[in-house]
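The following questions and answers go through one protein structure. Please keep the sequence and the coordinates at hand.

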Amino acid sequence: MAEKKAYAVIAVGGKQYRVREGEWLLVDRLSVEEGKTFHPDVLLLGGDGEPKLGDKLKGQQVTAKVTAHVLGEKVIVGKHKRRTGYRRRNGHRSRLSRIEIQTIGKKATREPAAKKSTTTAKKSTTTKKEKAE
């Protein structure tokens with residue numbers, strides 16, 4: 001499913017996004033450091049034939065990389081009441097994270113490393129009584 005036609009619906013920060021490989025999007029600020037990757041919750045996979053949901057999603061994941069933490073556009077909020085001289089002006093900039101979708105598809109399975117066979121020599125411990133004899 002790693003073709004360009006494949007898409008996924010992921011949940012990040014309580015919101016859902018439809019994404020494809022190579023796309024980037026702005027989401028609410030994440031607690032992941034810049035340059036690190038993470039795996040958001042996958043809700044749906046589609047693109048080839050029937051979309052996959054629920055139990056059919058086992059073994060599937062989306063890998064996303066946090067490319068930057070940024071500030072959104074400034075939003076100005078103004079309030080006033082007519083004929084009373086009441087005016088208030090306030091604003092804010094949302095704190096956002098820019099993420100890039102790297103892969104959509106199967107989980108990378110790691111093969112278990114071969115166990116190293118090590119032998120340890122057991123120390124012989126003697127007590128004071130044994131030494132005296």
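Q: In what order do the strands of the open sheet of 4 strands stand?
A: This is a predicted model, in which local features need pLDDT of at least 70 and side-chain atom pairs count only at pLDDT 80 or more, while totals for chains, interfaces and linings use all residues. Residues are numbered from 1 along each chain as its sequence is written, and side-chain values use heavy atoms, with hydrogens and water left out. Strands are DSSP runs of E of at least two residues, numbered from the N terminus, and two of them pair if DSSP finds at least two bridges between them. The pairing in this open sheet is antiparallel, and the order is β3-β7-β6-β4.

Q: Which strands are at the edges of that sheet?
A: An edge strand here pairs on one side only. That applies to β3 and β4 (37–38).

Q: Which residue of β6 stands opposite T37?
A: β4 and β6 run antiparallel and are joined by 2 bridges. Across this pairing, the residue of β6 opposite T37 is K65.

Q: Which strands of the open sheet of 3 strands have one side left without a neighbour?
A: This sheet has the order β2-β1-β5 with antiparallel pairing. Each edge strand has a single partner, so one side of it lacks a neighbour in the sheet; these strands are β2 (15–20) and β5 (41–46).

Q: What is the average twist in the sheet of order β2-β1-β5?
A: Axes are lines fitted to C-alpha atoms, and angles run from 0 to 180 degrees between N-to-C directions. From one strand to the next, the twist averages 25 degrees.

Q: Which residue of β2 stands opposite A8?
A: β1 (residues 7–12) pairs with β2 in the antiparallel sense over 6 bridges. In β2, the residue opposite A8 is V19.

Q: How many residues apart in sequence are the parts tied together by K15 and D28?
A: A salt bridge is a side-chain nitrogen of Lys or Arg within 4 Å of a carboxyl oxygen of Asp or Glu, and by this rule the count is 1. K15 forms it with D28, the closest N and O atoms being 2.9 Å apart. Because K15 lies in β2 and D28 in β3 (residues 24–28), the pair ties together parts separated in sequence by 13 residues.

Q: Are K15 and D28 buried, partly exposed or exposed?
A: Buried means under 20% relative accessible area and exposed over 50%, with partly exposed in between (1.4 Å probe, protein chains only). The value is 40% for K15 and 34% for D28. K15 therefore counts as partly exposed, and D28 is likewise partly exposed.

Q: Is Q60 buried or exposed?
A: Q60 is found in β6 (residues 60–81). Contact means heavy atoms within 4.5 Å; not counting residues up to four places away in sequence, Q60 touches L45, K52, G105, K106 and K107. Its relative accessible area is 9%, so Q60 is buried.

Q: What share of the residues of the protein is buried?
A: The protein has 133 residues. The share that counts as buried is 25%.
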